[in-house]
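Morning, everyone. I have one model to walk through today. Please have it up on your screens.

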Amino acid sequence: MGSQSSSGMSGGRGSSSGNPAEQPEAAEPNQSSSSNSSSSRGRRTADRQQGDRQTASEEDVDLAEVLAYLLRRGQVRLVHGSGATGLQLVQSYSDSDEDSDGAWEGRLGDRYNPPVDTQPDTNEVDRSEIRTQILLATASSTLKGRQSFTHMLSEREQGRCRGSSFSHGECSRIRTHFLPNYVSHKDTYQQKAFCGVYSEDGNMFLSACQDQNIRLYDTTRGRFHLRQTVKARDVGWSVLDVCFTPDTQHVLYSSWSDYIHLCSIDGDSENHTALDLNPDERRFCVFSLAASTDGKEILGGANDGCLYVFDLEQNKRTLKIDAHEDDVNAVAFADSSSQLLFSGSDDALCKVWDRRTLREDRPQPVGQLAGHRDGITFIHSKGDARYLISNSKDQSIKLWDVRKFSPKEGLAASRLAVTQQNWDYRWQQVPQRALKRHKLTGDTSVMTYRGHGVLHTLIRCRFSPEFSTGQRFIYSGCSTGKIIIYDVLTGTVVSRLSGHDACVRDVSWHPYEDNIISSSWDGAVRMWEHRQTHPLEEEREREKD
């Protein structure tokens, strides 16, 4: 997670522990990518050995030096309190402790206005294959006037549509004019909602909360009815990720624990199975989960910088890959084949792995994607094994083409940018120096999107569904309590949904219907749908722009 906004400075693995001996040192910016993995392993081994030595000689530790170290690293904070000095020490964890302070509750929205690109650079995306894909999927031409809803209605009335009605692509284009904008259903918890996701068929919604409950909702035919509540087991602070198995008969969840848990949701009884990842770290967490399409394997990204693959049929961990120099905050399968894997980390890199050639003793990614200036909080695949998006603490989302990997100078530039970050995204405001907009050397991203805030926690972003929108949009949670929707091809913000009182950590768009469910630290889970008294007014305004 990164106690100080990114990898090189403090390392998320260190931030999960109060022991200063376990904090990895800043990475050298001039190291080549080929030496990253071995140097990272060496640092982690050295950290553990140093921790053992320090434990054996705790009586010799200078407490003043330790306190200064922890304050400098952001592991503790001085706040106003009672006592002789009027000061109090508060321990800081990376997504693993609670504080009554407004920042820690994710309520800095009124004090932060995320920067927006008024003129996004579309040079790369204009020449990309994804542009062609989206235009075809939404039956769109390059002429603005011919894309309007009113023009399409006129064409149909004059009998100029193919067939007797609109094509599927034309229906997708029409639906893009009626984005969710109204809260139709809501549920409220006593503690923070961390994540929520629709099932593949959209008939169920899975929600995880800091109260250690996993809630399953019936969402058929526009419903939002609580169907089942599962008490999660072996939870450290909160359930941090959940997902359905492909058959939707089980759910997977993770927390600060050595185990990923598998729980049946089909039937009256709950059957919990603990899947032991057997990590080396004393304090361990899986931040991100994904299930393979065939349901046989589970992919996890953890705070020790490793990727884990657990085989359900063999009931054991089959792979542990030393993948990144810092916390792996996000993992994803590239497509339905489940052969290509994506990972994103606090080292600000996205990496692409081929499951067929992956070896524990020599873990080599197929390629690396560099361009972010700070840690990555989430990644999402378009599902075609070609494009993915990454959300970052540098307050941007980037679109990547995995056929265009970053050169060595790109990796070095990203590493240098990360090591220069020295603010804590969990409770500090974004410093101006962290909002640089020019591209780093070797940045191979296709597009950059700005207009949302990434503070407090690992905020998530996703592509909109293919069926209903042709994947025309990217949508993201926001630290200001909003849901931000971008146009993939123009980079502009097309919608801001307001209503939450704290940061929105997760968002999920129904795969077939026009609604979005947001999960927020204000304890609310809200379903948004489109409601418009005068539906043509929005179209007229769009044509004026």
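I will go from the overall picture to the cores, then the charges, the cysteines and one loop.

First, the ground rules. This is a predicted model, so local features need pLDDT of at least 70, side-chain atom pairs count only at pLDDT 80 or more, and totals for chains, interfaces and linings use all residues. Residues are numbered from 1 along each chain as its sequence is written, and side-chain values use heavy atoms, with hydrogens and water left out.

Overall picture. The protein has 11 helices and 30 strands. Those are DSSP runs, numbered from the N terminus: helices are H or I with at least four residues, strands are E with at least two. Of its 545 residues, 59% count as buried. Buried means under 20% relative accessible area, exposed means over 50%, and partly exposed is in between, with a 1.4 Å probe and protein chains only. Now contacts, meaning heavy atoms within 4.5 Å. Among those between residues at least 6 apart in sequence, 59% join residues at least 24 apart.

Next, the cores. A nonpolar core here is a set of buried Ala, Val, Leu, Ile, Met, Phe, Trp, Tyr and Cys residues joined through side-chain atoms within 4.5 Å. The largest one has 34 residues, and Leu206, Ile214, Val239, Val242 and Phe244 touch the most other members. Which elements give it two or more residues? Strand 4 (193-198), strand 5 (204-209), strand 6 (213-218), strand 8 (241-244) and strand 9 (250-254). Take Val239. Beyond four places in sequence, its contacts include Phe194, Ala208, Ile214 and Tyr253. A second, separate core holds 19 residues, among them Tyr387, Ile397, Leu399 and Ile474.

Now charges. A salt bridge is a side-chain nitrogen of Lys or Arg within 4 Å of a carboxyl oxygen of Asp or Glu. By that rule there are 24. Start with Glu129 and Arg386, whose closest N and O atoms are 2.6 Å apart. That pair spans 257 residues: Glu129 is in helix 6 (residues 129-137), Arg386 in the loop between strand 20 and strand 21 (387-392). Glu129 is partly exposed at 30%, and Arg386 is partly exposed at 33%. Then Asp384 and Lys382, bridged at 3.9 Å, N to O. Asp384 is partly exposed at 25%, while Lys382 is buried at 13%. Shared partners also join Glu129, Arg386, Asp401 and Arg403 into one network.

Arg373 is another case. Arg373 sits in the loop between strand 19 (367-369) and strand 20 (376-381). Arg373 is buried but has no salt bridge; the nearest side chain of opposite charge, Asp394, is 5.9 Å away. For charge, Lys and Arg count as positive, Asp and Glu as negative, and His and the chain ends are not counted. Among the residues Arg373 touches are Asp394, Gln421, Lys436 and His438.

For Cys195, the nearest cysteine sulfur is that of Cys243, 9.7 Å away. Cys195 is buried, at 1%. For Cys461, the nearest is that of Cys350, 9.7 Å away. Cys461 is buried too, at 0%.

Last stop, Pro407. Pro407 lies in the loop between strand 22 (396-401) and helix 9 (408-419). At 29%, Pro407 is partly exposed. Asp443 is 36 residues away in sequence, yet 8.5 Å away in space, C-alpha to C-alpha.

Note on methods:
Disulfide = S-S within 2.5 Å.
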